[in-house]
Amino acid sequence: MGVELAGSGITVHTVIPGFIDTPGFPNRARFRSRLLQGLVADPELVADQVVRGIERNRLEQFVPRWYRPAAIVQAAAPGLLARAARASGVRRKQK
């Protein structure tokens, strides 16, 4: 989208969020491991980083920032993160 709007005066910022703990999506409860629970971000952190990214004109931003390496691993080896999550005890959604 940013490429199509280049030169129009409109800037497109892409935000790539990780696991965020909200009332509608209580992501911390998905993980058994305290370490993995600690990787889940709070909405306030996301809001602060989005504002900061716009102020600094970051066109692409991972929230939290340390999710970027996981995205690179996911792109390079798609099944690796899924296997790691299963091995660490991610809870599956009950039907």
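Arg28 forms a salt bridge with Asp42, and their closest N and O atoms are 3.3 Å apart. A salt bridge here is a side-chain nitrogen of Lys or Arg within 4 Å of a carboxyl oxygen of Asp or Glu. Arg28 lies in the loop between β1 (14–17) and α1 (34–37), while Asp42 lies in the loop between α1 and α2 (43–55), so the pair ties together parts that are 14 residues apart in sequence. Helices (H or I, at least four residues) and strands (E, at least two) are DSSP runs, numbered from the N terminus.

This is a predicted model, in which local features need pLDDT of at least 70 and side-chain atom pairs count only at pLDDT 80 or more, while totals for chains, interfaces and linings use all residues. Residues are numbered from 1 along each chain as its sequence is written, and side-chain values use heavy atoms, with hydrogens and water left out.

| Salt bridge | N to O distance |
|---|---|
| Arg28 and Asp21 | 3.3 Å |
| Arg28 and Asp42 | 3.3 Å |
| Arg68 and Glu60 | 3.5 Å |

Side chains of opposite charge can pair when their charged atoms come close. Through shared partners, salt bridges join Asp21, Arg28 and Asp42 into one network.

Accessibility is given for some of these residues. Buried means under 20% relative accessible area, exposed means over 50%, and partly exposed lies in between (1.4 Å probe, protein chains only). Arg28 is partly exposed, with a relative accessible area of 26%, and Asp42 is partly exposed at 37%. In the Arg68 and Glu60 pair, Arg68 is partly exposed at 39% and Glu60 is partly exposed at 46%.
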